[in-house]
Amino acid sequence: MLARTEAEQLVSTVPTEPYFAGRWGSGQSIDTFDVIDPVTERRLTTVAAAGAGEVDEAVSHARSALDEGEWGRTDGSARALLLHRLADLIEARSEKFATLESLDIGKPGFEPRAIDLPQAIGAFRYFAGWADKLEGRSVPTSPYMGRPTHSYTVREPVGVVAAITPWNSPTMIGSWKIAPALAAGCAVVLKPPEDAPLTSLLLASLIEEAGFPAGAFSVLPGLGAVTGQALIDHPGVDKISFTGSPETGYKVAMAAAKGFRRTTLELGGKSPQIVFGDADLDEAAMGVAVGIFANQGEVCAAGSRILVARSVYDEFVERLVARARDIKVGDPFDEGTTMGALINAGQLERVSQYIAAGIDDGARLVAGGGRPDGKGFFVEPTLFAEVDNTMTIARREIFGPVGAVIPFDSESDAIGIANDSDYALAATLWTSDVSRAHAVARRVKAGAVAINGWAPLDPRLPWGGSKLSGQGRELGWAGIEANTEEKTVTAVLSYTPDK
């Protein structure tokens with residue numbers, strides 16, 4: 001692991017301007033924004049912000065690249081080769097990506113090394129495998145006015161895809177949007193998060209190095225209210241893929257509705273982790289703690305509602321509290337740190353308000369609740385016991401390291417509490433009873449259910465939720481379907497069979 005001073009020197013090697021039409025440059029833009037280190041609260045770098053002019057130019061070049069440019073003529077096998085080349089380039093620079101994510105986001109480097117980078121590389125390789133296999137179907141159809149017909153379908157790219165990514169895992173979630181879209185032959189315009197744009201800009205430089213044709217991919221850093229708004233409003237965008245808050249997701253959906261454009265929306269969650277009385281409590285406590293505190297709790301699938309069988313409730317709370325107290329909060333570049341800082345001052349204030357709300361609602365604070373002295377947007381790993389599912393901390397997505405432990409009395413009770421939520425993204429079950437695990441998995445409302453392990457992601461598996469967690473799916477074959485249109489072709493044949 002690099003020392004902080006060495007890591008900070010890497011920032012100067014990352015481009016800080018928009019990339020579109022196969023070139024780097026701020027174009028008409030004169031605006032900039034600072035990228036702040038959430039640990040030191042110092043400026044890491046200043047990035048040129050794309051405005052409405054750059055958005056229009058990027059979308060126009062993306063459209064041209066598809067309709068009459070080289071990208072539209074690039075066949076599936078060539079797209080696969082480019083995606084494999086890109087995966088190799090990311091893998092060769094994975095340490096740089098991990099270091100930049102630690103600086104940009106504030107999380108310890110072991111997390112992007114173990115999760116974000118392998119997931120990103122795996123996504124590009126997985127979808128490279130689909131690029132030359134987007135086959136249509138031959139469909140037997142009835143005669144047309146007495147004449148035989150020959151009908152088939154073809155799968156075509158949906159067009160220009162606007163991809164808007166969050167700041168908590170920009171490399172991984174960016175790959176989930178970019179890889180299937182490029183594999184399908186779409187052109188992608190990426191709006192990275194203003195709080196953490198560095199790895200997206202690095203990725204753009206590797207896409208250029210891999211040899212993707214001009215216009216196939218663009219990255220437009222900027223503020224959501226300016227760059228993001230211009231992108232979702234642009235009539236030349238055929239699909240919007242967004243990961244973020246339900247409030248912003250609603251705005252995206254409304255903008256897309258104006259042109260009946262397609263969307264994929266992943267909007268967060270309040271995911272339950274259900275610990276049954278027959279679970280291995282040591283293993284469950286370790287896994288539940290990961291599900292609450294990974295990435296400082298800034299995870300859309302964070303398992304922050306912990307439902308525990310009353311028969312083991314007190315014992316499990318003790319084990320979970322011990323896990324929370326073992327976490328070392330600090331600078332990601334200090335040896336031994338296992339949890340870093342929240343992304344910015346606003347997020348720190350948000351999390352602090354939810355902790356105060358938990359206390360006000362009568363939940364029992366059993367771990368954390370405060371923040372270390374000094375600079376940095378840090379908060380302690382926090383746990384509340386004796387939580388009721390009606391409390392604010394059990395209803396709202398906190399997006400910070402705060403867990404609410406709720407007792408239940410029966411399997412049906414647990415399922416009822418788990419499903420009593422405005423979100424339906426993920427769930428985790430901890431039990432040694434395989435039959436119970438599969439039976440409960442069928443009844444829990446969630447886009448993804450994990451058994452005896454929190455959030456085992458894989459690019460082969462579709463990802464997404466329902467209710468306030470959004471609509472549509474990314475990854476797996478669903479990722480290809482989300483970025484293609486199925487066209488029907490029917491030929492009425494002149495051939496007339498002999499009587």
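**Figure 1. Elements around the second largest pocket of the predicted model.** Helix H5 (110–130), H10 and helix H11 (313–326) each contribute at least two residues to the lining of the second largest pocket. This model is predicted. The second largest pocket holds about 370 Å³ of space. Its lining comprises 14 residues, and those nearest the centre are Phe110, Ala289, Val290, Ala294 and Thr338. By class, the lining of the second largest pocket has 10 nonpolar residues, one polar and three charged. Because domain 1 (4–267 + 465–487) and domain 2 (272–451) both give residues to this lining, the second largest pocket lies between them.

**Figure 2. The two assigned domains.** The domain assignment divides the protein into domain 1 (4–267 + 465–487) and domain 2 (272–451). Taken over C-alpha atoms, the centres of domain 1 and domain 2 are separated by 31 Å. In the contact between them, 29 residues of domain 1 meet 32 residues of domain 2.

**Figure 3. The largest pocket and its lining.** The space in the largest pocket amounts to about 900 Å³. The lining of this pocket has 35 residues, with Trp167, Phe242, Gly244, Ser245 and Thr248 nearest the centre. At least two lining residues come from each of helix H8 (224–233), strand E10 (239–243), helix H9 (246–257) and helix H12 (345–360). Sorted by class, the lining of the largest pocket consists of 15 nonpolar, 11 polar and nine charged residues. Domain 1 (4–267 + 465–487) and domain 2 (272–451) each supply at least three residues of the lining of the largest pocket.

**Figure 4. The sheet of seven strands.** This sheet is open, with mixed pairing, and its strands follow the order E14-E15-E16-E13-E12-E18-E19. Strand E14 (364–367) and strand E19 (448–451) stand at the edges; each has a single partner strand, so one side of each is without a neighbour in the sheet. On average, neighbouring strands of the sheet are turned by 25° against each other, direction ignored. Strands of a sheet pair through backbone hydrogen bonds, in either a parallel or an antiparallel way.

Figure 5. Strand E13 (residues 305–309) and strand E16 (residues 402–408) run parallel and are joined by five bridges.

**Figure 6. Surroundings of Ile327.** Ile327 is located in the loop between H11 and H12. Not counting residues up to four places away in sequence, Ile327 touches Phe293, Thr338, Met339 and Pro381. Ile327 and Thr338 are 11 residues apart along the chain, and their C-alpha atoms are separated by 5.8 Å. Thr338 is also among the residues nearest the centre of the second largest pocket.

**Figure 7. The sheet of three strands.** The strand order in this open sheet is E5-E6-E22, and the pairing is antiparallel. Strand E5 (138–139) and strand E22 (484–492) are the edge strands, each pairing on one side only. E5 and strand E6 (residues 149–157) run antiparallel and are joined by two bridges. Opposite Ser138 stands Tyr152 in E6.

Technical notes. Residues are numbered from 1 along each chain as its sequence is written. This is a predicted model: local features need pLDDT of at least 70, side-chain atom pairs count only at pLDDT 80 or more; totals for chains, interfaces and linings use all residues. Side-chain values use heavy atoms; hydrogens and water are left out. Two strands pair if DSSP finds at least two bridges between them. Helices (H or I, at least four residues) and strands (E, at least two) are DSSP runs, numbered from the N terminus. Axes are lines fitted to C-alpha atoms, for helices over the stretch in contact, and angles run from 0 to 180 degrees between N-to-C directions. On a 1 Å grid over the protein atoms alone, a cavity is a set of points where a 1.4 Å probe fits but cannot get out, and a pocket is an open set with protein on both sides within 12 Å along at least five of seven lines; lining residues have an atom within 4 Å of a point. Grid points are joined across faces, edges and corners, and a volume is the space filled by probe spheres set on the points. Ala, Val, Leu, Ile, Met, Phe, Trp, Tyr, Cys and Pro count as nonpolar, Asp, Glu, Lys and Arg as charged, and the others, Gly among them, as polar. Domain bounds come from an automatic or database domain assignment. Contact means heavy atoms within 4.5 Å.
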